[in-house]
Structures are given as C-alpha cells and as structure tokens.
Amino acid sequence: MNASRKTTSIANKLNRFYQGKELSHLIEFVIFMPLAAIAGWACAAETVSGADCAAFAHRGLSFSQTGQGFIAWLRSAFYFVEDKTGMQHTFAAGDFLFGLLWVMAGILALGLLVWALGWVERRNQLRQYLKPIDDIALSAEKLSTQSFDPSKFRRLEDAIANIDEPDTEVHVYDHELAGLEAAVNNMLKRLQESARRQSRFVDDASHELRTPIAVIQGYINMLDRWGKDDPQVLRESITAIQTEAEHMKILVEQLLFLARGDMGRQQFTTAPLPLDAMVEEICDESRMIDPGHTYDLQLTQNAVVQADVAMLKQAVRILIDNAAKYTEPGGQITLRLTRNEKEEARIDVQDTGIGISKSDVAHMFERFYRADPARAKQGCGLGLSIARWIIEQHGGHIEVVSYEELGTRVSICLPIETATAATAATAS
C-alpha cells in the first residue's frame with residue numbers, strides 16, 4: 001500500500017467515525033423528541049381543562065381500536081388522567097399523535113438526506129486536510145527510493161571552498177541541491193553585508209577620531225613653540241585640548257555602546273514604568289540645566305510600558321539635547337505624552353528650531369550622518385543612532401515630522417504594558 005492509499009484509508013476511517021456519531025445523534029433526537037412533545041401536550045391539556053391533578057396522579061395513553069391498521073389505531077388514542085378527587089379526565093390525542101408522526105417522519109427523512117450528503121462532503125474535506133501529509137509521505141517515499149550520490153555534496157563543498165571574492169555566490173547547477181544552494185547564498189549575503197557594515201563603521205570611527213586627535217596635536221605643537229612664555233596661548237591651548245578630549249571621550253563611549261549593542265552584550269533590564277513621572281522628571285532636569293530655552297510639558301495621557309528606565313531616559317534626553325542644539329535661544333521645546341491611533345504610548349519632543357529637509361530625514365538615524373546645517377554644531381552623529389537602537393530594543397519605533405525654518409517633532413512610540421501590570425506599577 002503506497003502513501004496515497006494510506007492517507008485515503010485514514011480519511012475513510014475518520015469519516016466513518018464522525019458520520020456514525022452524527023447518525024447516533026439523529027436517532028437519539030427522533031426517539032426522545034416525540035416523548036418530550038407528548039409530555040408537553042399532556043401538560044397543556046391538563047392546564048386548559050383546569051383539572052387539579054397531583055404530580056404522581058394516575059395518567060396514560062389508551063387506544064380504543066385494534067386490528068384496523070396502524071393509522072386507525074393511532075387516531076383512536078386518548079389521554080386520561082385522574083384528579084385529586086379520583087375523577088378521570090380524558091382527552092382525544094389521536095390527531096396530535098398523527099400530526100406528530102408526520103412531523104417526525106419529515107425530520108427523520110431530512111436528517112437522513114443531510115447525513116448522506118455529508119458523508120461525501122466530509123470525506124472530501126478530510127482528504128483535503130490530509131493532502132499536505134499525503135504530499136510529505138509521497139516525497140519521503142520518493143526520496144527513500146533514490147540512491148544517494150555523495151558527489152553532489154562534494155561539488156557543493158568545492159564551490160563553497162573556492163569562494164575568494166566579495167559578492168560571490170555558489171552555483172552547482174543541480175536542481176536537487178537548489179534548496180541548499182539558495183540557503184548558502186543567503187547566508188553569504190548576510191555575512192558580506194555584515195562585513196561591509198563593520199568596515200564602514202571602522203572607517204567612520206577612524207575619521208571621527210582623527211579630527212580631535214589632529215586638533216590636540218596642533219595645540220600641543222603650538223604650546224611647545226610659544227605657549228611656554230605666552231599665557232594667552234597657554235590658556236587657549238588648554239581650553240581647546242580639554243574640549244577635544246571631552247569630545248573624544250563622548251565619541252568613544254558612544255562607539256562602545258553601539259558595539260556592545262551590535263554584539264548583543266548591552267545590559268538591558270526591563271520593568272513596568274509609568275511614563276508620566278519619567279517625562280515630568282526629564283522636563284524638570286532640562287529646565288534646570290538649559291535655562292536658555294522654554295520647556296513646555298503636556299501630559300494628556302498616562303501609560304505604563306515595559307522598559308529599562310535608564311536606557312529609555314537616555315533615549316529621550318538624546319532627543320531633547322538634539323532639539324536644544326538646533327533651536328535658537330528663547331525657542332520652545334515641548335514634551336508631550338499621548339497615545340496614538342494604534343493605542344501605543346507616544347512621547348513627542350517638539351522644537352521650534354531650524355528644521356530638517358526631507359532628504360536628510362531619511363538618513364538622520366544613520367551612524368555618523370550629519371546634515372549640512374548640523375556640521376556647524378558640535379557632535380559626532382551617533383546620538384540619534386543610539387536613541388533608535390534603544391527604542392527598537394523596547395519593541396517601539398520613532399517617527400519624525402519636520403519642516404525647515406518651522407521646527408521638528410520626533411515621536412517615540414512604545415507598546416503599552418498590560419492592564420494588570422500597569423495597575424501594579426501605579427500602585428507601587
């Protein structure tokens with residue numbers, strides 16, 4: 001017996017089992033439904049007659065004609081019951097039983113018709129449900145009859161071993177190995193893309209570090225030549241070296257952060273966090289350290305998210321620092337906590353700064369990317385990349401709306417914690 005016949009046999013067995021259960025249910029209905037109908041009719045007859053009958057009074061069905069056929073016998077039926085005084089009440093039941101007989105006959109005929117039609121339909125459905133198993137069994141049976149050819153895999157091994165250039169793919173031109181060939185080529189593409197990203201990251205980091213190192217070396221040379229006897233050169237050189245050293249420190253810290261994130265080694269511990277308290281705290285801190293801008297706090301909705309508190313604060317502060325950097329003194333920065341149409345928690349950081357062009361918005365979260373207006377401001381182009389990485393680790397995303405000369409709104413959207421956890425966090 002082949003695999004196809006086996007699955008057909010299973011379908012037939014399942015069909016017989018289910019159809020047998022349905023037939024037994026139909027028979028039970030045909031048996032018990034008339035009994036329930038007769039009991040209901042008798043109760044209604046007693047109620048209409050006004051007979052005062054006890055629950056266990058003597059009652060029953062009787063037939064006045066015998067030997068004249070089933071229909072005549074059935075039509076002669078009457079129902080009798082004795083009341084509490086012993087008086088017997090009788091009710092003609094023949095017409096009711098005759099009508100009930102035809103109703104039940106119709107129900108039985110219709111049920112048998114549906115059952116018969118369902119036999120074929122269910123069998124076809126079961127065959128359709130079992131078709132994937134049938135296909136797997138046929139494929140396995142086909143593979144079991146094929147002879148194993150080790151040379152095919154040796155050709156694939158040789159093709160992989162001979163890869164010596166970037167963007168090279170494996171080709172063995174064997175349809176039986178097409179699946180393995182595609183899997184290997186997809187893996188190679190991922191490895192090549194990872195290597196390109198790593199190389200670009202190293203190049204960009206080297207370029208960013210080269211500038212402060214060159215500045216520091218220049219001021220050291222100037223100190224060596226004239227700074228020993230000139231207090232002004234000495235002060236200028238020390239200030240510049242301190243500034244560039246601080247810049248290098250921040251750059252190295254950000255590089256290490258992203259490197260640990262790429263390698264999956266960045267520590268990340270989450271807990272339920274009410275966002276209203278966090279946003280209010282960050283706003284108070286910003287007002288204290290940046291009196292040159294007006295900070296407006298708008299808490300229209302509260303939400304609890306599952307978050308690493310320190311990480312999420314860092315992401316919001318990066319966006320605020322970025323907004324302050326590109327907003328003229330006296331400008332306004334708004335922190336707003338709402339919910340979006342997807343019922344996600346949304347933290348808006350909105351400024352009245354110089355804005356960002358549409359072409360730059362598409363690249364603003366790339367590492368080391370800095371738009372032309374931003375190059376006049378100090379920074380390394382890694383802060384927004386770090387913010388995006390943090391938000392993505394929280395299962396969220398960042399949205400940007402910006403118009404040049406009007407300002408920018410950057411929105412952090414986060415999935416909201418379940419109601420149970422949110423209640424517990426608020427209570428704590």
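**View 1. A network of salt bridges links Arg336, Arg346 and Asp348 in this predicted model.**

**View 2. A salt bridge joins Arg317 and Glu285, whose closest N and O atoms are 2.6 Å apart.** Because Arg317 lies in helix H8 and Glu285 in helix H7, the pair ties together parts that are 32 residues apart in sequence. Arg317 counts as partly exposed, at 31% relative accessibility, and Glu285 is also partly exposed, with a relative accessible area of 25%.

**View 3. The side chains of Arg339 and Glu343 meet in a salt bridge, at 3.4 Å from N to O.** Arg339 has a relative accessible area of 34%, so this residue is described as partly exposed. The count of salt bridges in the model comes to seven.

**View 4. Five strands form an open sheet in the order E5-E7-E8-E10-E9, with mixed pairing.** Strand E5 (294-299) and strand E9 (397-403) stand at the edges, and because each has a single partner strand, one side of each is left without a neighbour in the sheet. From one strand to the next, the twist averages 15°. In general, the strands of a sheet pair through backbone hydrogen bonds, either parallel or antiparallel.

**View 5. Strand E9 pairs with strand E10 (residues 407-414) in the antiparallel sense, over seven bridges.** The bridge partner that Ser402 has in E10 is Thr408. Helix H7 (residues 275-289) packs on the sheet, where it touches E5, strand E7 (332-339) and strand E8 (345-351), and the direction of H7 makes about 170° with that of E5. Helix H10 (residues 383-393) also packs on the sheet, touching E9 and E10, and the direction of H10 makes about 140° with that of E9.

**View 6. The buried residues of helix H7 are Leu275, Met278, Val279, Ile282, Cys283 and Ser286.** These residues cover an arc of only 135° around the axis, which puts them on the same side of H7. The elements they pack against are strand E4 (271-274), E5, strand E6 (304-307), helix H8 (309-325), E7 and E8. At 1.5 Å a residue, the 15 residues of H7 should span 21 Å, and this agrees with its end C-alpha atoms, which are 21 Å apart.

Definitions and conventions
Residues numbered from 1 in each chain as written. Predicted model: local features only at pLDDT ≥ 70, side-chain atom pairs only at ≥ 80, totals over all residues. Heavy atoms only, no water. Pairing = 2+ DSSP bridges. Helix = DSSP H or I, 4+ residues; strand = E, 2+ residues; numbered from the N terminus. Axes fitted to C-alpha atoms, helices over the stretch in contact; angles between N-to-C directions. Contact = heavy atoms within 4.5 Å. Expected span 1.5 Å × (residues − 1). Buried < 20%, exposed > 50% of the residue type's maximum accessible area, 1.4 Å probe, protein only. Arc of directions from axis to C-beta. Salt bridge = Lys/Arg side-chain N within 4 Å of Asp/Glu carboxyl O.
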